[in-house]
Amino acid sequence: MSTIDEAIDEIATDFALLPDWEERISYVIELGRALAPLPEAERNEANRVRGCASQVWLVSERRADAPDRLFFRGESDAHLVRGEIALLLRLFSDRTPAEIISADPRAVFERLGLKDALTAQRSNGLFAMMNRIQAEARAAA
Amino acid sequence: MSFDVAATRAQFPILSREVYGRPLVYLDNAASAQKPRAVIDAMSTAMECSYANVHRGLHTLANETTEAYEAARASVSRFINAPSPDTVVFTKGGTEAINIVAAGLDVKAGDEIVLSVMEHHANIVPWHFLRERKGAVLRWLDVDDDGNLDLSALDALISPRTRIVALTHMSNVLGVKTPAAQIVEVAHARGVPVLLDGCQAVVHDRVDVRALDADFYAFTGHKLYGPTGIGVLYGKREQLASLPPFEGGGEMIDIVEQERITYNEPPHRFEAGTPPILEAIGLGAAIAWLESQDRKAIASHEARLCEAMMSALRELDGVTLYGQSPDKAAIVAFNVDGAHPHDVAQILDRQGVAVRAGHHCAQPLMRRLGVTATARASFACYNTLEEVSVFMEALHKSRKLLG
C-alpha cells in the first residue's frame, strides 16, 4: 500500500491529467457521488465536524483484523464536500495514527493541485475535516 | 431616469480586479459592501495628515482628530435624522450596538422579549443571553413563506411583561422590509420600546429614526460602503440615559475614586477605551459619499437588478426562490434542487462570481423555510445588469456540473 505522500502524488497526477477546472470539479463531484452514504444513525452530533459550513460527519473506527490502523468513513450534504471527503479518506483511512499525525494539512491541499478548481475557504471545511482526522489519530496514538 | 453605473463603479477600486482570471462579479454585498475611493482616501489621509487620540489631548492633532471624529457623529446623526449627535453612539458594529441594549436592559426572570424568526443572530443571541442569565422569555413573531411579518400577531405577543420588541428593519436573507413604523406604533400603544436592526435597511433606504419613532436603531458601517470595526447605536436620549455602561475603561467615566465611580453621559458612556477613530472617520466619509449620490436612483437601479435576477431564476426549473414579497430590496435568496448552496457558491466562485451560501446567521429563519442553507446574491449600487447575465450563465454552468 502507498504512503500518504504517494497517495497525494497519485491524486495530484489524476487532477493534472484533467484538461480544465470544469473537469476537475466534475471529478470531485463524481468522487463524492461514489462515496458510500453514512447510515442515518451515524449522522449524529458526536460525528458532526464543527467548523464546516455545510454539514459534515466523520466516523473513525478500529477493525479487529488491523488493530494498529484507523479507518474513516464520512459524508456531507454538499457534493463538492463529499468529494473532498472521498479524497481525504483515500489519503487517511487505513493508516496508522503516527502516519496520520505526520501529515501537514496545508501542504496536503497545496499538493493535491485543487487550487485552480476550489478555493480552500475555511468554511468549506476541508481543514476542519483534516483537523478532526488528526485529532482522532492523536487520541488513538 | 438614468443612473450612471459606470461612473459609480469607477469609484470602487476593487471592482477592477479579477478572480480566477475573470472580472470580479461581487454579489455578496449584504455580507459586506466594497469601499469607494472617498472612504479609502479619508482614512489614509487621516493617518497621513491628522491623527491622534480623541477627546484627551490639548494639542493640535488631538483637537483636529476629535473634531473629525465628532463630525462623523454629526454626519451619522443627520443621515438618520436623529435629534442630535449625542443620541448617536459609535460601536464596533451592529452586533455590539444590540448587545449594549440587551446587556443594559433591566430584565427580571419572566420578563419577555419579542423577536421575529427572521432575525440575524446578532439580534437573537444577545437576547438569548438574557434568557440564560436572567430568566427572560423569548417570544417569537412568525413570518409567512415570503418573509412578511404578521402585525396583528405582534400585538398578541406583547404582554405586560414585554420589555422590548427587537426586530429587523430588513431581512438579511430575504431582503424583505418590515413595516417598521407600524411595528413601533403597535409596540408603543402597549408602552413597549422598540429596537430596530437596520444593518441592511440603512443601506438601501433613507432611514428617519424620528419618523419611525424607534427607541433604538442599530446598524453597521461596513455594509454601508464604510470600513469594518464601526457601527452605530442610535437611541432616544432618555432610553440611552437609562442604560448602564457596557464596557469599562477610559472616556466613559466621570469621576473614578477608590470606592466610588460615576459615569459619563451618553454617547461617551458607551464608548470605553480609545474608540475606532479612523473607522468613524471612514464611516463619515461613506455617508458623505452616499449623500452625494442620487439615492432614489440607486434604489431603483438595485430594484431593477433584483427583479431581473428573480425573473431569470423563475424561468428555471428546479430553482427555488425565497422571499418574494413585493416589499423587498437588493437580496435574492435561492436554492438549486439537488445541489447544496455551497456547491453552487463554490462553482460560481470559480467563475468569478461571489455569492454567499449558508444559513446567513439566521438559523431560525432557515428552520422556518425548511432548509439548512440557501445561496444568496445581494446587490449594491455598483452592480450591473451585465453582471446579472454573467451570474445566470455561471449558474447554468454550475447546474450542468452538478446535474
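Me: In which sense do β11(B) and β12(B) pair?

Reply: This is a predicted model, in which local features need pLDDT of at least 70, side-chain atom pairs count only at pLDDT 80 or more, and totals for chains, interfaces and linings use all residues. Helices (H or I, at least four residues) and strands (E, at least two) are DSSP runs, numbered from the N terminus, and two strands pair if DSSP finds at least two bridges between them. β11 (residues 253-256) of chain B and β12(B) are joined over 3 bridges, and the sense is antiparallel.

Me: Which residue does a cis peptide bond join to P266(B)?

Reply: Most peptide bonds are trans. Here omega is about 5 degrees, and the bond is cis.

Me: What is phi of Y20(B)?

Reply: Most residues other than glycine have a negative phi. Y20(B), in the loop between β1 (18-19) and β2 (22-23) of chain B, has a positive value, near 50 degrees.

Me: Which are the edge strands of the 7-strand sheet in chain B?

Reply: This open sheet has mixed pairing and the order β4-β10-β9-β8-β7-β5-β6. From one strand to the next, the twist averages 20 degrees. Each edge strand pairs on one side only, and the two are β4 (88-91) and β6 (137-141) of chain B.

Me: Which residue of β6(B) does L115(B) stand opposite?

Reply: β5 (residues 112-116) of chain B and β6(B) run parallel and are joined by 5 bridges. In β6(B), the residue opposite L115(B) is W140(B).

Me: What angle does α5(B) make with β6(B)?

Reply: Contact means heavy atoms within 4.5 Å; axes are lines fitted to C-alpha atoms, for helices over the stretch in contact, and angles run from 0 to 180 degrees between N-to-C directions. Helix α3 (residues 60-79) of chain B packs on the sheet against β4, β9 (216-220) and β10 (231-235), at about 120 degrees to β4(B). Helix α5 (residues 125-134) of chain B touches β5, β6 and β7 (162-168), and its angle with β6(B) is about 145 degrees.

Me: What is the strand order in the 4-strand sheet of chain B?

Reply: Its edge strands are β13 (319-322) and β16 (356-358) of chain B. Within the sheet, β14 (residues 331-336) and β17 (residues 374-378) of chain B are joined by 4 bridges, with V332(B) opposite A377(B). The sheet is open and its pairing antiparallel, in the order β13-β14-β17-β16.

Me: At what angle does α15(B) run to β14(B)?

Reply: Helix α13 (residues 341-349) of chain B lies across β14, β16 and β17, at about 160 degrees to β16(B). Helix α15 (residues 385-402) of chain B lies across β13, β14 and β17, and runs to β14(B) at about 20 degrees.

Me: At what angle do α1(A) and α3(A) cross?

Reply: Among the residues in contact are I4(A) and F15(A) of α1(A) and L87(A) and F92(A) of α3(A). The axes of α1 (residues 4-17) of chain A and α3(A) come within 8 Å, and the crossing is at roughly 145 degrees.

Me: What area is buried between chain A and chain B?

Reply: Buried area is the accessible area (1.4 Å probe) that two parts lose on being put together, summed over both. The contact takes 22 residues from chain A and 17 residues from chain B. W21(A), H79(A) and L80(A) supply 31% of what chain A buries, more than any other three residues. Carbon and sulfur atoms give 51% of the total, which is about 1,600 Å².

Me: Which residue of chain A forms a salt bridge with K397(B)?

Reply: A salt bridge is a side-chain nitrogen of Lys or Arg within 4 Å of a carboxyl oxygen of Asp or Glu. Across the interface of chain A and chain B the rule finds 1. The closest N and O atoms are 3.1 Å apart, and the partner is E22(A).

Key. Residues are numbered from 1 along each chain as its sequence is written. Chains are lettered from A and ligands numbered from 1 in the order in which they are written. Side-chain values use heavy atoms; hydrogens and water are left out.
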